[in-house]
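Trainee: Could you walk me through this model?

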Amino acid sequence: MNKQGAIIHWIIFGVLIAMAIFFVGTYKETTTNHIKGEWALHFLMDNYLEAEKVLLVQESVERNVGLEVAEEMALNGGWRSGEVSACGVVENTNLWNMREGWCLPEVRGNFTSRASEKLKVRIPRGNFSEVYTTGKYFRAQGEKEEINSLLLKEAHFPADQRYFYDTSFAVDLGYSFEEYTQLGSEVKLLIEKCRDMQEFMTCVEKSLPIHWRVGSCDGKTEIKNKEAGERRALFCVQSPNLYTLSTGRVGERKKVKYSLALDFSPSKILPVEKVSVSHDAGLNGFIVTFPSNFLAEGYKIYYTDWLSVVGYTPGKAIDIFSTVPKDPTLGFYESAFVKKEEILPCSDAKEAMKAYLCNGNIMYVLQEGGLHKDKPYMLGVTAFDGKEESILEEFVELKY
Amino acid sequence: MMQGRRGMMDDLFDFLFTVTMAAFLLYFVGFVLNQSAAGGAHASLDTVADAKRLDSGINNLRVQLYNGENLEQINVSTFVARSKVLGGRVVTVCGDYLTKTDCEKDVVALYEADDSTSCVWKESSKSCYTFHASRGGG
C-alpha cells in the first residue's frame with residue numbers, strides 16, 4: 001500500500017469516528033420524538049380549548065341567570081324580587097293598577113338591572129355591558145379575555161402564547177319577555193269590563209282568559225280585603241304562549257307563572273243596591289239597610305209619597321225627583337245625608353237619624369215622624385264620593 | 001509493469017471500500033433521521049387526536065347544556081378530560097351513549113369511581129340519562 005492509499009483509509013475511519021462521536025453526543029436530541037407543529041398544538045390545547053371550557057361554563061351561568069331572573073320577575077308580577085309596585089301590594093303581590101292609574105312593570109329595565117347584578121356576583125371577572133333581552137335571547141356585551149400559556153423552552157419556540165376571546169353572549173332562554181305586553185292588554189280589557197260592576201268578581205270569573213286563575217300562585221290566597229269592601233284580587237297567570245323554563249335537569253321543565261294583583265275600584269261611584277227596609281216599633285222608625293260602598297264619602301237617603309218616581313229608575317236623583325210636584329199637598333220628597341265619618345260602629349242600641357256599620361252593611365234609622373201609616377212611601381239610596389252622586393238604582397217600599 | 005498493475009488494483013480496492021463505507025454511512029444517517037421524523041409524526045397525530053377528543057368532549061357538554069343540563073355546579077375540565085372514544089364517537093356523559101347496552105353497561109366507565117351516579121336507559125325517549133342517587137334521578 002502506498003502512502004496516498006493509507007491516507008484515504010485513515011480519512012474514512014476518521015470520518016466514521018467523528019460521526020460516532022457526533023451521534024453519541026447528540027443522541028438524546030436526535031432520537032427524541034419532537035412533535036410536529038408543537039407550537040400550534042400547544043396553542044390549541046392550552047389556549048383555545050381552555051378558552052372554550054371557560055366559555056362553556058360561563059354560558060351555563062348566563063343561562064341560569066336569565067332563567068332565574070325570568071322566573072323571579074314572573075312570580076313578582078314583573079318586578080325584581082323585593083321590589084314594590086308604585087300602586088302598592090296586596091299580600092306581597094304587586095298591583096298592576098290602582099284606581100285610574102296604571103303601574104305596569106318596566107320589564108326590560110327590571111331584567112337588565114337584576115341580571116347585571118347576578119352576573120357580577122356569579123361571573124366576577126366578567127365586565128358585561130348592554131345587558132338586555134330581545135325575543136327569546138338574553139344578550140350582553142362582554143370584554144375580551146386573555147389566556148396566557150407558557151410553552152416549554154426546550155421547544156425553541158417563543159415561550160409566551162396568548163389567546164384572546166370574546167365573552168359577549170346571546171343565550172336562548174326559550175322564553176320571551178314580550179309576554180308581558182300580552183298580559184298588559186288582557187289586564188286592561190279585564191279592568192275595563194269589570195271595574196264598574198257591583199259584583200266585580202262574578203264579572204271577572206266570567207271574563208278571565210283561559211290561562212288566568214283567581215288566587216295566588218301558591219294557592220293559599222284568593223280575593224283580598226273583600227270583607228273591607230276593597231275591590232282587589234290576586235291572580236296567577238300561566239304563560240299564554242305555554243313557555244316553560246329549564247329546571248337544570250335534562251328533559252325537565254317548569255311552567256312559567258305570573259303572580260299579580262289588580263284593583264277593580266270603579267271609575268265612577270257605583271249605585272247602592274240591595275236596599276232593604278224594616279219597621280222597628282221600638283225605635284219608632286224604619287231601619288234602612290244597604291251594603292257599604294268602599295269609595296263613598298257619604299250616602300243620601302230619599303223617600304217620597306210620589307209613587308210614580310219608581311218608573312224613572314235607574315236614573316239621577318235630581319232628574320227623578322224633578323218629577324215630584326212642587327205643591328206639597330200633591331206630593332213631597334225628603335232626603336237625609338249620612339257622611340262617612342258620621343257612621344258609628346255597630347251597636348244594638350240604635351238611635352234615630354244615626355247610621356251604623358254592621359258586617360259591611362250600613363244601617364240607618366229613619367224617623368217616621370210626619371209619615372202616615374196608611375199611606376205608601378218609596379225609599380231610595382244613593383252614594384256620594386265628594387264629587388258626584390251615584391245614580392239611584394231602585395226604590396223600596398216603606399212598610400209598617 | 002507488475003508494480004504498476006498492483007498499484008491500480010490498490011486504487012480500485014480503495015475506491016470500492018470508500019463507496020461501501022459511504023453507502024453504509026448514508027444508510028445509518030437516513031435510518032436515524034427517519035426514525036426521529038416518524039416518531040415525531042406519531043406523537044403529533046396522538047396530540048391532534050387528543051385535542052379532537054377534548055374538543056368533542058366540550059361539544060358534548062354543550063349539547064347537554066342546550067338540552068337543559070346545568071353545568072354551573074360541575075367541574076367541566078374533569079368531564080372533558082375523562083371523555084373516551086367509543087366506536088369513533090366521543091362519550092363524555094351518559095347522554096352520549098346511543099344504545100341501551102352501552103348505556104346500561106357504561107362501557108367507557110364514565111362513573112367507575114362514583115357509586116352514586118350511573119347511566120340509565122329510558123325506553124320512552126330511547127335516550128340514556130345520568131342517574132344521581134343523591135338527587136333522586138335526572
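This is a predicted model: local features need pLDDT of at least 70, side-chain atom pairs count only at pLDDT 80 or more; totals for chains, interfaces and linings use all residues.

Trainee: Okay. Which loop of chain B is B:A109 in?

Mentor: B:A109 sits in the loop that links α3 (100–105) with β3 (117–122) of chain B. Its phi is positive, about 55°, even though B:A109 is not a glycine. Most residues other than glycine have a negative phi, and most peptide bonds are trans.

Trainee: Speaking of peptide bonds, is the one from A:T313 to A:P314 cis or trans?

Mentor: That bond, from A:T313 to A:P314, is cis, and its omega is near -10°. You'll find A:P314 in the loop between β18 (298–304) and α7 (317–321) of chain A.

Trainee: Let me zoom out. How is chain A divided into domains?

Mentor: Domain 1 covers 39–76 + 105–172, domain 2 is 179–263 and domain 3 is 276–398; such bounds come from an automatic or database domain assignment. Taken over C-alpha atoms, the centres of domain 2 and domain 3 of chain A are 38 Å apart.

Trainee: Now sheets. What's the strand order in the open sheet of 3 strands in chain A?

Mentor: The order is β5-β6-β9 of chain A, and the pairing is antiparallel (two strands pair if DSSP finds at least two bridges between them). β5 (129–134) and β9 (169–172) of chain A are the edge strands, each pairing on one side only. From one strand to the next, the twist averages 15°.

Trainee: How many bridges join β5(A) to β6 of chain A?

Mentor: 4 bridges, between β5(A) and β6 (residues 137–141) of chain A, running antiparallel. For a landmark, look at A:T134, which stands opposite A:Y137 in β6(A).

Trainee: And which helix packs on that sheet, touching β6 and β9 of chain A?

Mentor: That's α3 (residues 38–75) of chain A, whose direction makes about 60° with that of β9(A). Helix α4 (residues 107–122) of chain A also packs on the sheet, touching β5 and β6 of chain A, with its direction at about 130° to that of β5(A). Axes are lines fitted to C-alpha atoms, for helices over the stretch in contact, and angles run from 0 to 180 degrees between N-to-C directions. Two residues are in contact if their C-beta atoms, placed from the backbone, lie within 7 Å.

Trainee: At what angle do α3(A) and α4(A) pack?

Mentor: About 135°, with 10 Å between the axes of α3(A) and α4(A). Therefore α3(A) and α4(A) are oblique to each other; angles under 35 degrees count as roughly parallel, over 145 as roughly antiparallel, 65 to 115 as roughly perpendicular and the rest as oblique. The residues making the contact include A:V61, A:V65 and A:M73 of α3(A) and A:F111, A:A115 and A:L119 of α4(A).

Trainee: Switching to the interface: how many residues of chain A are in contact with chain B?

Mentor: 33 residues of chain A, meeting 37 residues of chain B. On the chain A side, α1 (3–25), α2 (27–31) and α3 each supply at least two residues. α3(A) gives the most to that side, with 12 residues.

Trainee: Back to sheets. In what order do the strands of the 5-strand open sheet of chain A run?

Mentor: It goes β16-β17-β22-β21-β20 in chain A, with mixed pairing. Its edge strands, each pairing on one side only, are β16 (276–280) and β20 (344–345) of chain A. β16(A) and β17(A) pair in the antiparallel sense over 5 bridges, with A:D280 partnered by A:G285 in β17(A). Their hairpin has 4 residues between the strands, and A:N284 takes a positive phi near 60° there.

Trainee: What about β17 and β22 of chain A: how many bridges?

Mentor: 7 bridges, antiparallel, between β17 (residues 285–291) and β22 (residues 361–367) of chain A. A:G285 has A:Q367 as its bridge partner in β22(A), and A:F290 has A:I362.

Terms used:
Residues are numbered from 1 along each chain as its sequence is written. Chains are lettered from A and ligands numbered from 1 in the order in which they are written.
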